[in-house]
Amino acid sequence: MKNKFILKISIALFCSQTVLAQDCKTDADVASQPGKYLTAAQYPWPAVRAEYFNNLATAADKAIAKQTLTQIETIEQKTHNGFTLTGGNWENFYSTKGYQYFANTKLGQYSFEAALHEYFCAKGKLTRNSEYNTVLRIYANEVTLTTLDGFLSNPFGSSFGSYDFGMQYADWKNHNPADVNAKLITLFTYLGCNNTSLVERINSGTSYFQDVAEKDIKPNNRSNFIYRYWFIKKKDLPVLIPVSRKDYLESLLEYYDREKIYFTKLVAQLKTDRDNSIKYYTNWEADVNDKIAVVKKAMSEHDAAWLSAQAVVNPANDNSQTYNAKLPEQTNYHRFWKFYDGEKKAMPLYTYNPEYFKKNAQTPAAKPQIITIAFRYNSMPLSLRLIDNFTRNFDFSSLNKLVE
């Protein structure tokens, strides 16, 4: 780990001081200089290239990822035809993330990245910037991105703290603590989305979703990023499907059952450790039983039509009600208060469609089931040229063939 850290620092220091041969005096000199395209195979550090596929566990997954990323890179390269790159380098990079469950299917995750390293003038010499603003990322088997958190995210935290005992995992009894990619209990697999247009784009695989409206983009602004997303999917099945109120309430009961096991183990551990935080859990049984009673009451008092409607939740408001009721936070996570509608911060719940992600058991986990494209740009001329060229000339149909 220490060697990797030193390597990364060395790369940063080297790249930030990359001086090119050309002389320069003005911004116009920099902007007009011919740029270079560098493939992932040309990344300058062999040790980093050697780690491209380290986070995938099997030879089959590594092979599929390498093949897929090579195909993605080839498709992206075709957008360079007829486009004159100036003012910087367009540099490629591969990375692998690991694994994630989509419904009942475990998939390998990896990505292609192409970043614009712009030139600047330093002491009369053309210099490559080690940092970048404009970047294209193409993710295999990934939908929820940190850059989409304002629209699509997992809204549920956990009462399971440092002594979690594997309680968040579906098979907690046999859970290997080293396996952070194991299947989670149902509540933690739900996604909240506050933007119907985004869900439509994900489920249809048509057009793109942009996080900033065109009318709100400030011209010639380098620091305000805009993200444009495309979702490449297979079949006619939706990727995300609504979570019913009944399913949500049942997932709460599952969570409360895990809390019973967790709090029993936790209190015993705190007693052993003589930990003063045990005072927060003195009433845990009553709190959990009351949460269970509230959910069961809601299920018994409503008909099938009410229970089958999509669950719309508002964790922020729920937490406020719990706080105002002066209930202990530690033992009252995910207390059910009500379902919501169009209130501020309310979000409909979705889950990954098990029919969409169903695959043959022999199919490697890294085989693409869905691909997400995220292009980050700003309103500077070079960045706008790149996003415009990509949007008009990228061969989305070829990419779609990778998930058929």
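On a 1 Å grid over the protein atoms alone, a cavity is a set of points where a 1.4 Å probe fits but cannot get out, and lining residues have an atom within 4 Å of a point. Grid points are joined across faces, edges and corners, and a volume is the space filled by probe spheres set on the points.

The structure is a predicted model, in which local features need pLDDT of at least 70 and side-chain atom pairs count only at pLDDT 80 or more, while totals for chains, interfaces and linings use all residues. Residues are numbered from 1 along each chain as its sequence is written, and side-chain values use heavy atoms, with hydrogens and water left out.

**Cavity**

The count comes to one cavity of 30 Å³ or more, and the largest cavity has a volume of about 70 Å³. Its lining consists of Tyr37, Glu76, Thr79, His80, Phe83, Trp90, Phe375, Leu386, Asn389 and Phe390. These residues divide into six nonpolar, three polar and one charged; here Ala, Val, Leu, Ile, Met, Phe, Trp, Tyr, Cys and Pro count as nonpolar, Asp, Glu, Lys and Arg as charged, and the others, Gly among them, as polar. Helix 10 (residues 381-393) gives the most to this lining, with three residues. Helices (H or I, at least four residues) and strands (E, at least two) are DSSP runs, numbered from the N terminus.

**Helix 5**

In helix 5 (residues 196-204), the buried residues are Leu198, Val199, Arg201, Ile202 and Asn203; buried means under 20% relative accessible area with a 1.4 Å probe, protein chains only. They pack against strands 7 (152-153), 8 (191-193), 9 (209-210), 10 (226-233), 11 (240-242) and 13 (347-352). At the N-terminal end, Asn195 caps helix 5 through a side-chain oxygen 3.0 Å from the backbone nitrogen of Ser197. Just after the helix, Gly205 takes a positive phi of about 70 degrees.

Thr372 is found in strand 14 (residues 370-377), whereas Asn353 lies in the loop between strand 13 and strand 14. The table gives the accessibility of each.

| Residue | Relative accessible area |
|---|---|
| Thr372 | 0% |
| Asn353 | 7% |

The side chain of Thr372 reaches the backbone oxygen of Glu142 at 2.5 Å.

Definitions and conventions. Buried < 20%, exposed > 50% of the residue type's maximum accessible area, 1.4 Å probe, protein only. Contact = heavy atoms within 4.5 Å. Polar contact = N/O pair within 3.5 Å; in protein donor to acceptor, adjacent residues only side chain to side chain. 1 Å grid on protein atoms, 1.4 Å probe; cavity = no way out; pocket = protein on both sides within 12 Å on 5 of 7 lines; lining within 4 Å.
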